[in-house]
Amino acid sequence: PTAADAPTTTVGEAGPVMPLTGLPIDDDVVAARPAMVVKIDNHPQARPQFGINGADIVFEENVENLTRFAAVFHTNAPAKVGPIRSGRTQDVDLLGSLVEPLFVWSGGNPRVVAAINGSDLISITETIASRKGMFREKRGNEDKEHTLYADTTEIWANFTPVFNPPPPAQFTYRAADEAFNGEESGGVDLEMDGVDVTWTWDADSSSYLRDQDGKPHETDFGQVSAANVVVLEVEYRASAADARSPEAQTIGTGTAYVFTAGVLVRGTWTRADRTSAFELRDDSGAVIALTPGRTWVELARANHTTPTD
């Protein structure tokens, strides 16, 4: 499905829903604003991160011997999100299906800057947004590169282009009583670059809880959690902007593991071009529907995914 023909977003008879969560719309003004993507640091000096549990969708990307998060905000507007770091060429393809999202980042090397400025992402950096939604704040002895934050309300107020559209749905969502094919699973272990990630199903909160390197991944608002964890196994190639930088290939097809409601659904992901959303289908060919709520998407290397019992 393309941005103009996005996946169906339904949740029983609840009526209109937010496109990136499948949850009912509470505010028509909020629903009409564009998506905002904030590149969030995952360096040890950047932890705990701020605002990340307010994102509708989070993509975790491999970078140079570490990971970084592309956190997509639409429903919520945290006053402090970050620390914010640089973009990568892989962001241009990855985020195209959000339709001209605001892209909040700290810059990059000249080739990365050229790639992003030449795309339909609405680039917002500290140079543009200083005192209008981006600010520096030290919490301890961290280096300056880990001190940049954003106030999402201010960013939306100051930098939303006229007639900029809201994002289309990125996934299909199931109704509360809708059955789906899958196997019971307690979660998943992932070997990301420089980070060991574990997602564990927590029946009490009806969500998946995230650990990093054997410890709970804490934020300013509790442990990182999500209603769905979607693992997309992708190929990584060297970026044309920097041979040291891995670039996820998110157009094509590959293996998918979808963890939702304590169940694992195995299947494939397919994406025709950068303006298309990821299409998820199970091994029988049926569309995989997610539980309404927040979703983490892990861009994992092949054979680095281990579902748990």
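**Entry 1, ground rules.** I worked on a predicted model, so I took local features at pLDDT of at least 70 and side-chain atom pairs at pLDDT 80 or more, while totals for chains, interfaces and linings use all residues. Residues are numbered from 1 along each chain as its sequence is written, and side-chain values use heavy atoms, with hydrogens and water left out.

I looked up the nonpolar cores (sets of buried Ala, Val, Leu, Ile, Met, Phe, Trp, Tyr and Cys residues joined through side-chain atoms within 4.5 Å). Buried here means under 20% relative accessible area, exposed over 50%, and partly exposed in between, with a 1.4 Å probe and protein chains only. The largest core has 39 residues, and Val-104, Met-134, Ile-155 and Trp-199 touch the most other members. A second, separate core has 35 residues, including Val-92, Leu-121, Ala-248 and Leu-290. I noted the general rule that nonpolar side chains tend to be buried together in soluble globular proteins.

I found 7 aromatic pairs. Rings of Phe, Tyr and Trp (its six-membered ring) pair if their centres lie within 6.5 Å; planes under 30 degrees apart count as stacked, over 60 as edge-to-face and the rest as tilted. Why is the pair of Phe-103 and Trp-105 tilted? Their planes stand at 40°, with the ring centres 5.5 Å apart. Phe-103 is buried at 0% relative accessibility, and Trp-105 is buried at 1%.

Phe-135 and Tyr-149 are stacked, 6.0 Å centre to centre with 25° between the planes. Phe-135 belongs to strand β6 (residues 134–136) and Tyr-149 to strand β7 (residues 148–150), so this pair ties together parts 14 residues apart in sequence. Strands (E, at least two residues) are DSSP runs, numbered from the N terminus. Phe-135 is partly exposed at 26%, whereas Tyr-149 is buried at 0%. Phe-50 forms one aromatic cluster with Phe-135 and Tyr-149.

I counted a charge as over a ring if NZ of Lys or CZ of Arg is within 6 Å of the ring centre and within 35 degrees of the ring normal. Arg-33 has its charged end over the ring of Trp-156, 3.7 Å from the centre. The charged end of Arg-271 sits over the ring of Phe-278, 4.8 Å from its centre.

Strand β19 (residues 263–271) pairs with β20 in the antiparallel sense over 4 bridges; pairing needs at least two DSSP bridges. Thr-268 has Arg-281 as its bridge partner in β20. In β20 (residues 279–282), Leu-280 and Asp-282 make up the covered face, and Glu-279 and Arg-281 the uncovered one.
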